[in-house]
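Hi there,

Here is the structure I promised to send over. Please open it alongside this message.

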Amino acid sequence: MNLPIDNPPIETAGSLPSSSSSPSSSPSPLPAVHPDLVRAWVHGLARCRGAAAPVAVHGGFYVEVRVPVRSHRYVFAAPDPDVLRDLIASITTPGLWVNVCAPRADIVPALPPAWEFAEPQFLMSAALPPAPAPVAAPAGYTVETVDEDGTGVLRCRVLDTATGGLAARGRAGLTDAGTPPSAVFDMINTSTEHRRRGLGTLVMNALTAHAVRLGAARGILVASPAGRALYRSLGWRLHAPVTAVRLPPATEDSATG
């Protein structure tokens, strides 16, 4: 079952103000995006989405993911105009994504007119609590978290006890491709009719508790605009906007950047 993702588009250019900033205040500078953080994220993403280990290339990474649909992407911790311009000029395969930890304005000069943007996303991280609180589902729901392959590819599902239907879900992939060991959270979704009941927080807490038991000390994710608010409320730190671009396929598909 595919759950809808609540991702209203917004524009992002430059540093992002905190939720308490007023229009007249200066936005706080974002912490630097360390390559170690991006390396851990892309390796954990590959695990979450059934992909082979990323390949280091062009100062970034190349990875082919298989969940929820097959897609290929390059990932960069920072924009290098010459690298981006040469790489994008060489790409003739429609649907191949290029993800860069930078605002849209930094990518525009390297793009030919035919290329398109995905909605803005946001690289975030958090120190995971060494002793997470017990996880309990609210009345009317049950929660289950399993290690799919016994090595730290985690899946969480929240079920509606009345119908047995899937109400919310998420995944996490453990990786030691960085210090400290990290859990990369991915595809955290709640179905429309079950929103505003704390199920997104429940999924995050359940995955966190399982990941910590397996040795993870840091959480990393790339959030949608809607998800960013949830993760900031849970204490996650914003590092950078993530801009995703691609040469559009001839027939539009449902892949995301």
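Below are my notes on one helix and the strands around it.

Please keep in mind that this is a predicted model.

Let me begin with helix α2, which spans residues 81–90. Its buried residues are Leu84, Leu87 and Ile88. Looking down the axis of α2, you will find the buried residues within an arc of 95°, so they line one face of the helix. On the face turned away from that buried side sit Asp82, Asp86, Ala89 and Ser90, which are exposed. As for what lies over the buried residues of α2, the cover includes β3 (71–76), β4 (97–100) and α3 (104–107). Do have a look at the start of the helix too: a side-chain oxygen of Asp80 comes to within 3.1 Å of the backbone nitrogen of Asp82.

Now to the strands. Together with α2, β3 and β4 form a right-handed β-α-β unit. The two strands pair in the parallel sense, over 4 bridges, and Arg73 has Trp97 of β4 as its bridge partner. β4 also pairs with β12 (residues 237–246), here in the antiparallel sense and over 4 bridges. Trp97 turns up in this pairing as well, with Arg246 of β12 as its bridge partner.

Which way do the side chains of β4 point? Trp97 and Asn99 go one way, Val98 and Val100 go the other way, and all are buried.

Best wishes

Definitions and conventions: Residues are numbered from 1 along each chain as its sequence is written. This is a predicted model: local features need pLDDT of at least 70, side-chain atom pairs count only at pLDDT 80 or more; totals for chains, interfaces and linings use all residues. Side-chain values use heavy atoms; hydrogens and water are left out. Buried means under 20% relative accessible area, exposed over 50%, partly exposed in between (1.4 Å probe, protein chains only). The arc is that of the directions from the helix axis to the C-beta atoms. Contact means heavy atoms within 4.5 Å. A polar contact is a pair of N or O atoms within 3.5 Å; within protein, one must be able to donate a hydrogen and the other to accept it, and residues adjacent in sequence count only if both atoms are side-chain atoms. Two strands pair if DSSP finds at least two bridges between them. A crossover is right-handed if, with the strands pointing away from the viewer, the path from the first strand over the helix to the second runs clockwise.
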